[in-house]
Amino acid sequence: MHKLIIGRPTFATVIFLALAHLLEPKFAAAQAPTESVNVLDANSAVVATLSVPRSGIQSSEVAVLINDNDPQSVEIANYYQWARNIPDHNMIHLNFDQDKLYPGFTVNQGIDPGDFAVLKAQADKAVGPEIQAFVISWSRPFRIANFNYYHTNYSITSAFTYGIDADRLTSNNCGATPVNPYYDSRSTKPYTEFGIRPSMMLAGVSVTSVEATIDKGLKADRTLPGGSGWFLKTADSARSAPRDRDFQTTVQNWNRPEALTMTYSVGRTEVRNTSNILFYETGLANVPNLKTNTYVPGALADHLTSSGGDLLGTDQMSALRWLEAGVAASYGTVTEPCAHPEKFPVASVLVKNYFIGNTSLEAYTKSVRWPSQGVFVGDPLARPFGTQAALVNGTLSIRTSSLEPGLRYNLYSAPSATGPFSRIATISVASYQFATINVAGMSAPFYKLEPGFGTTLPSKTKETEPSSAAMPSEP
């Protein structure tokens, strides 16, 4: 019989762990989607493979959209392909004039709906059904043209994700926009299950700044960071009130020793001279002193304001300022949204989906109920949470943030990838948390951690919903 040890991480882990039916000769059950985790030895060499429930989009499932007419787009696309090991056939070459001025425009950060439709058709035709997401490697255009007779309320990321609803090309920017079918779902295959490909821009003012964002996102992968979350109710009521209730709920639910360190602050204008920031969400037109802080690799941050998605604008703070400070991904609206909470990230949804192992692209896209006017920017594959595994001196150690509360998980070992698999442990957790599982006396090269027979992953979990009432003022 193998000796089982319950791990004691730095934060106390509440974990219910029991051995059941040890060395069961074979396992047969319906297989849920999985992904592989390398099991490392003390020298970080790969010595085994652990299969775990799939919790995020893989790099082989993203297509990078490139504007061959834009030197920055080409350079960033090449760098991202190298950094994330993206297959050549996933690199989609488009060619358009990003500097084109439409009639009546003196400056243009957008693209005409008709010109966009051509690009959308080319991108969709170039990719196969295995592609689950788009990565946009240019910084302009970041919206569908929204001046004069090209008035629209679409960001470029939403247009590539959902397409453009012709009935809404001239819709009221302060009204409701289409509901995101992907909102707070458990899907890790949005195209397969919803027919959409979430999109994020690798945007920045220079190649150097975008490459720095990519580098920081890459450092985040499966690091299972600690760090702190900050959720501010500032004196700016129009920008703070829409998300205030959810900020409070998020901190109440997640500020636990076995989970995360979270702070809800009232009246504070900013967070400054603070280290290891993991989440930072606030309501202000301009957030000062971002660069006085340090951010955990993979950190997410955004500010509720009218034009944070006007990436190259100066009237209010661009979401790009977050990336330049060291954050992995952010969000902002490209046209005046009015203060509907549904048009901005819901903290409770964002934190939960990121924590269980979604990429930044998935967690952010799932957190906005009405996303048409919002643009997502950053490293879409930044993914600090999920599962780590090591096999040192005969002890298999698994640390994970991906277990769903209340589900029973079985851990198996096998001498080969095809089995036979023997059950070595049964595990469950009481809440979303970091969990450490140690099993002594192990030497097998293959392991599985998967939901037990008769359990299913929930499509959603109940969260506090934002108010559907719009604030009367513009943010």
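Residues are numbered from 1 along each chain as its sequence is written, and side-chain values use heavy atoms, with hydrogens and water left out. Because the model is predicted, local features need pLDDT of at least 70 and side-chain atom pairs count only at pLDDT 80 or more, while totals for chains, interfaces and linings use all residues.

Rolling a probe the size of a water molecule over the atoms shows where empty space is left. On a 1 Å grid over the protein atoms alone, a pocket is an open set of points with protein on both sides within 12 Å along at least five of seven lines, and a cavity is a set where a 1.4 Å probe fits but cannot get out. The largest pocket holds about 500 Å³ of space, a volume being the space filled by probe spheres set on points joined across faces, edges and corners. Lining residues (an atom within 4 Å of a point) number 20 here, and Gln-58, Arg-84, Asp-221, Arg-222 and Arg-383 are the closest to the pocket centre. Strand S3 gives the most to this lining, with five residues; strands are DSSP runs of E of at least two residues and helices runs of H or I of at least four, numbered from the N terminus.

The largest cavity has a volume of about 80 Å³, and among its 14 lining residues Val-52, Pro-53, Thr-387, Thr-400 and Ser-402 are the closest to its centre. Strands S3 (34–40) and S4 (46–53) each supply at least two residues of that lining.

The structure holds one disulfide, a pair of cysteine sulfur atoms within 2.5 Å. Cys-174 is joined to Cys-338, S to S 1.8 Å, and the link is right-handed, with 55 degrees about the S-S bond. Cys-174 lies in the loop between helices H3 and H4 and Cys-338 in the loop between strand S15 and helix H8, so the pair ties together parts 164 residues apart in sequence.

A nonpolar core is a set of buried Ala, Val, Leu, Ile, Met, Phe, Trp, Tyr and Cys residues joined through side-chain atoms within 4.5 Å, where buried means under 20% relative accessible area (1.4 Å probe, protein chains only). In the largest core, of 50 residues, Leu-260 and Phe-279 touch the most other members, and helix H8 gives the most to this core, with five residues. A second, separate core of 32 residues includes Val-127, Phe-142, Val-334 and Val-377.
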